[in-house]
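Here is a short note for a colleague who is starting to read structures. Please keep the model open beside the text and look up each residue as it is named.

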Protein chains: 2
Amino acid sequence: MFKRKISSIMKKKQTSPNISKNFMDHDHELCFESALKDFKQHFIEKELKLTPLRLKVFQLLLKDHRPLGAYQILDLLRKDGFSSTPPIAYRVLDFLIEHGFVHKIKKLNAFVACSHPGNSHSPTFMICRKCEKVAEINEKESGLKFNKETSSEFKIEEAIIELIGICKNCTKIEVI
Amino acid sequence: MFKRKISSIMKKKQTSPNISKNFMDHDHELCFESALKDFKQHFIEKELKLTPLRLKVFQLLLKDHRPLGAYQILDLLRKDGFSSTPPIAYRVLDFLIEHGFVHKIKKLNAFVACSHPGNSHSPTFMICRKCEKVAEINEKESGLKFNKETSSEFKIEEAIIELIGICKNCTKIEVI
DNA sequence: AAGTCAATGTTATATTATAACATTACTACA
DNA sequence: TGTAGTAATGTTATAATATAACATTGACTT
Ligand SMILES: [Zn+2]
Ligand SMILES: [Zn+2]
Ligand SMILES: [Zn+2]
Ligand SMILES: [Zn+2]
């Protein structure tokens, strides 16, 4: 009976994927460390060079699920003693984007750490205009699909999908 | 029997919406004039002021289903004797966007004439990276939907959806 | 040690967009 | 008919975002 209860909880967790974790209270220290570990692991697997600059930029982007603009990143780099002219940020960001560790949010001209690094993918972003946090959901989670018509008419190579609105947490706060 | 044939043709036209007309050969003069007529009609209905500048910018955007950047528009305006400092273009574009006559393509930092003016909507764009033309499809045509999970987790107010790829016409050309 | 190469640093500039204020030209109505 | 109000356009300056081109560094190779 006890076991059953646990398994029921487990099941509930699985069927309700935590797609908006980023917006809600969560153990962000754990979240941060886990993402960082993943990041480092991918560098090893792909035999990429993890330099202090690349690490620093990724850590900055992991801070709080809020995207950072290139010039915000430069300011933060300056504080840490790195060089801080525009190409520094853009080059590192290009590298991290190319290898799937970072995405650019077109709506904001800003950058976020990828939530599913390693796999190339066409992510969908939810952008809360209130708390300004961003969550990335993958294709399966979003339930997003184009109909046969569309796919037969146009060979899709890349999809930019950004949803702007209000997150669950900010809705909750609004009601109070 | 003759009537029947016609209605069958009509039906075929309806069930196969011409969502990628913009990419294919078509009577663009008709396309242009029809869009322009619509545009003018909406100005009357909404009691907006159709100035020479607004008309000119919209006409420029109707030219060939290719988006134009603000500074491209300014160059074209200059040739027509209009003033051509940045705020001129951005203000007119803001106005046209606000009233649903124009959209901005984030991927390209460029602007296109709306294909379904009058109705506020969250359009989906198909952007051909080869011929650089753009087609707008509405929600029903795209068959795009988010699952219940997503909509319960996040209150969507605006959706930016841009599909980059190769259009039907450019695919055809590639094969040849 | 000299050569190679990727990463970072530096300088300059391109591209996209907005702020702030001035002028024009149409409307209202005194 | 003049003048106050207002929306549109014009002007000047500058902000924000991004890239080109070349120099330096430092690790690794031979
Ligand atoms: Zn977190
Ligand atoms: Zn929020
Ligand atoms: Zn046309
Ligand atoms: Zn094409």
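1. Sorted by class, the surface near DNA strand D is made up of seven nonpolar, four polar and four charged residues. Please bear in mind throughout that this is a predicted model.

2. There are 15 residues around DNA strand D, and the closest of them are A:Y71, A:K104, B:T51, B:T85 and B:R91.

3. Several side chains approach phosphate oxygens of DNA strand D: a polar side-chain atom of B:T51 lies 2.5 Å from one, a polar side-chain atom of A:Y90 lies 2.9 Å from one, and an N or O atom in the side chain of B:S83 is 3.4 Å from one.

4. Which protein atoms hold the zinc ion (ligand 3) as donors? They are NE2 of B:H26, ND1 of B:H28, SG of B:C31 and NE2 of B:H65, at 1.9 to 2.3 Å from the ion. The angles among the four donor atoms run from 103 to 117°, and the site is tetrahedral.

5. Along the chain, the zinc donors follow the spacing H-x1-H-x2-C-x33-H. B:H28 and B:C31 are about one helical turn apart, because they are three residues apart in helix α2 (residues 28-45) of chain B. B:C31 has a relative accessible area of 15%, so it is buried.

Terms used: Residues numbered from 1 in each chain as written. Chains lettered and ligands numbered in written order. Predicted model: local features only at pLDDT ≥ 70, side-chain atom pairs only at ≥ 80, totals over all residues. Heavy atoms only, no water. Donors = N, O, S within 2.8 Å, 3.2 Å for Na, K, Ca; no water. Tetrahedral: all angles 85-135°; square planar, octahedral: opposite > 155°, others 65-115°. Helix = DSSP H or I, 4+ residues; strand = E, 2+ residues; numbered from the N terminus. Buried < 20%, exposed > 50% of the residue type's maximum accessible area, 1.4 Å probe, protein only. Near = heavy atom within 4 Å. Polar contact = N/O pair within 3.5 Å; in protein donor to acceptor, adjacent residues only side chain to side chain. Nonpolar A, V, L, I, M, F, W, Y, C, P; charged D, E, K, R; others polar.
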